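Subject: Structure handover

Hi,

Here is the structure I promised to pass on.

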Amino acid sequence: MEQKCKRCGLKTALSEADIEKMVEQVTSMRGVRLVAEEEYERRLSICKSCDKLEYGSTCMLCGCVVRVRAYLADGRCPYPKRSKWIMEK
Ligand code: SF4
């Protein structure tokens, strides 16, 4: 039986097609501000090495699919004490 998140109802193990569809939906929405591709890739590379990433797709702190959230200009990394997406100065 397919496992689902108790909080949001999404499947816990998303397929590549599921994720691509979600990214397509969010990136094509009107009025949604997106980051540049370079920033998107920077964020994703941080997520890929994060101990809070599960199933290779989902942040266990907020339940978001990081390939979607990383595109959002207003998206934040919820890592405790200090967002991992904040750039070093
Ligand atoms: S805590 Fe931040 S860096 Fe880690 S998976 Fe979640 S969004 Fe990505």
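In which loop does Tyr 55 lie? Tyr 55 is in the loop between β1 (53-54) and β2.

**Ground rules**

This is a predicted model, so local features need a pLDDT of at least 70 and side-chain atom pairs count only at pLDDT 80 or more, while totals for chains, interfaces and linings use all residues. Residues are numbered from 1 along each chain as its sequence is written.

On confidence, the protein chain averages a pLDDT (the predictor's confidence in each residue, from 0 to 100) of 90, and 91% of the residues score at least 70. Confidence is highest in helix α2 (residues 37-48), at a mean of 97, and lowest in strand β2 (residues 58-59), at 92.

**The overall fold**

The protein chain has 3 helices and 2 strands. Helices (H or I, at least four residues) and strands (E, at least two) are DSSP runs, numbered from the N terminus. In sequence order the pattern is α-α-β-β-α. The chain is as compact as a globular protein of its length, because its radius of gyration is 13 Å, close to the 12 Å that the globule rule gives for 89 residues. The radius is taken over C-alpha atoms, and the rule is 2.2 Å times the number of residues to the power 0.38. The C-alpha trace spans about 45 × 30 × 20 Å along its principal axes.

Buried residues make up 13% of the 89 residues. Here, buried is 20 or more other C-beta atoms within 10 Å of a residue's own, exposed is 12 or fewer, and partly exposed is in between, with C-beta atoms placed from the backbone. Among contacts with a separation of 6 or more, 50% are between residues 24 or more positions apart; a contact is two C-beta atoms, placed from the backbone, within 7 Å.

**The core and the ligand**

The largest nonpolar core has 5 residues: Cys 47, Cys 64, Val 66, Ala 70 and Tyr 71. By nonpolar core I mean a set of buried Ala, Val, Leu, Ile, Met, Phe, Trp, Tyr and Cys residues joined through C-beta atoms within 7 Å.

What surrounds the ligand? The residues around the ligand are Ile 46, Cys 47, Cys 50, Lys 52, Leu 53, Cys 59, Leu 61, Val 66, Cys 77, Pro 78, Tyr 79 and Lys 84.

Val 66 is listed both in the core and around the ligand. Leu 53 sits in strand β1 and is partly exposed, with 17 other C-beta atoms within 10 Å.

Most residues other than glycine have a negative phi. Tyr 55 is not a glycine, yet its phi is positive, about 60°. Tyr 55 counts as exposed because it has 11 C-beta neighbours inside 10 Å. Lys 81, in the segment after α3 (66-69), also has a positive phi, about 75°, without being a glycine. Lys 81 is exposed, with 4 other C-beta atoms within 10 Å.

**A few more residues**

- Thr 58, in strand β2, is buried, with 25 C-beta neighbours inside 10 Å. Beyond four places in sequence, Thr 58 touches Gly 63 and Val 65.
- Tyr 40, in helix α2, is partly exposed, with 17 C-beta neighbours inside 10 Å. Its contacts beyond four places in sequence are Val 35, Ala 70 and Tyr 71.
- Glu 41, also in helix α2, is exposed, with 12 other C-beta atoms within 10 Å.

Cheers

Technical notes. A residue is near a molecule or strand if its C-beta atom, placed from the backbone, lies within 6 Å of it.
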